[in-house]
Amino acid sequence: GAVRALRQRGASLLPSGVVAVDGDIRPGDPVEIADADGGVVARGIVRYSAAELARVLGRHSAEVEAVLGHAGSTTVVHRDDLVLTDPPDPDPDA
C-alpha cells in the first residue's frame with residue numbers, strides 16, 4: 001500500500017508503510033525506499049534514526065509520540081523530501 005500511495009497519490013512515507021529498516025541511518029540521511037521485491041521506488045531524506053524507526057515501523061502516526069516518548073514527525077520521509085525513481089503509475093480509474 002505504501003508504494004501505491006507514493007506513486008499514485010504523491011503521498012509521504014508514513015511509519016505504517018515501513019516494514020523493515022536496513023542500515024545505520026540518522027535523521028537527515030538520504031535513504032532508498034524499496035518495494036517488497038527489493039526494487040528501489042524512491043529516494044528521500046529520512047526524519048528518524050534506524051533505532052527509532054525499528055520501534056515505530058508499522059504503527060499509525062498517532063502512536064509515534066507514545067512509543068518514542070517524545071513528539072516526532074508524523075512522516076518518515078515527507079513528500080517534499082522524496083523523489084520517485086520511476087514515473088508514477090497511470091491512474092487506474094482514468
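Mentor: Start with Arg43 and Glu32. They form a salt bridge, and their closest N and O atoms are 3.1 Å apart. The term has a rule: a side-chain nitrogen of Lys or Arg lies within 4 Å of a carboxyl oxygen of Asp or Glu. This is a predicted model, where local features need pLDDT of at least 70, side-chain atom pairs count only at pLDDT 80 or more, and totals for chains, interfaces and linings use all residues. Residues are numbered from 1 along each chain as its sequence is written, and side-chain values use heavy atoms, with hydrogens and water left out.

Now place the pair. Arg43 is in strand 2 and Glu32 is in strand 1. The two are 11 residues apart, and the pair links distant parts of the chain. Strand 1 covers residues 30-34, and strand 2 covers 40-45. Strands (E, at least two residues) and helices (H or I, at least four) are DSSP runs, numbered from the N terminus.

Arg43 has 41%, so Arg43 counts as partly exposed. The cut-offs are these: buried is under 20% relative accessible area, exposed is over 50%, and partly exposed is in between, with a 1.4 Å probe and protein chains only.

How many salt bridges does the rule give? The count comes to 3. Another one joins Asp81 to Arg47, with the closest N and O atoms 3.6 Å apart. Asp81 lies in the loop between helix 3 (64-68) and strand 3, and Arg47 lies in the loop between strand 2 and helix 2, so this pair ties together parts that are 34 residues apart in sequence. Asp81 has a relative accessible area of 32%, so Asp81 is partly exposed. Arg47 is partly exposed too, because its value is 35%.

The salt bridge between Arg59 and Glu63 has an N to O distance of 3.6 Å. Arg59 has a relative accessible area of 33%, so Arg59 is partly exposed. Glu63 stands at 31%, so Glu63 is also partly exposed.

Next, follow Arg47 to its surroundings. Thr75 touches Arg47 and Tyr48, and also Ser12, Leu13 and Leu14, leaving out residues up to four places away in sequence. Contact here means heavy atoms within 4.5 Å. Thr75 sits in the loop between helix 3 and strand 3.

Leu14 is partly exposed because its relative accessibility is 36%. Glu65 is 51 residues from Leu14 in sequence, and their C-alpha atoms are 14 Å apart in space.

Now turn to Val46. Val46 also has its place in the loop between strand 2 and helix 2. Val46 counts as buried because its relative accessibility is 3%. Its contacts beyond four places in sequence include Val31, Leu53, Val76 and Val77. They also include Ile25, Arg26, Pro27, Gly28 and Asp29. Take Gly28: Val46 and Gly28 are 18 residues apart in sequence, yet 5.5 Å apart from C-alpha to C-alpha.

Last, look at a charged residue without such a partner. Glu52 is found in helix 2, residues 50-56. Glu52 is buried, yet has no salt bridge. The nearest side chain of opposite charge is Arg55, 6.8 Å away. For charge, Lys and Arg count as positive, Asp and Glu as negative, and His and the chain ends are not counted. What does Glu52 contact, apart from neighbours within four places in sequence? Pro27, Leu68 and His70.

Both strands of our opening pair also meet helix 1. The buried residues of helix 1 pack against strand 1, strand 2 and strand 3 (82-84). Those buried residues are Ala5, Leu6 and Arg7, in a helix that covers residues 2-9. Just after helix 1, Gly10 takes a positive phi of about 65°.
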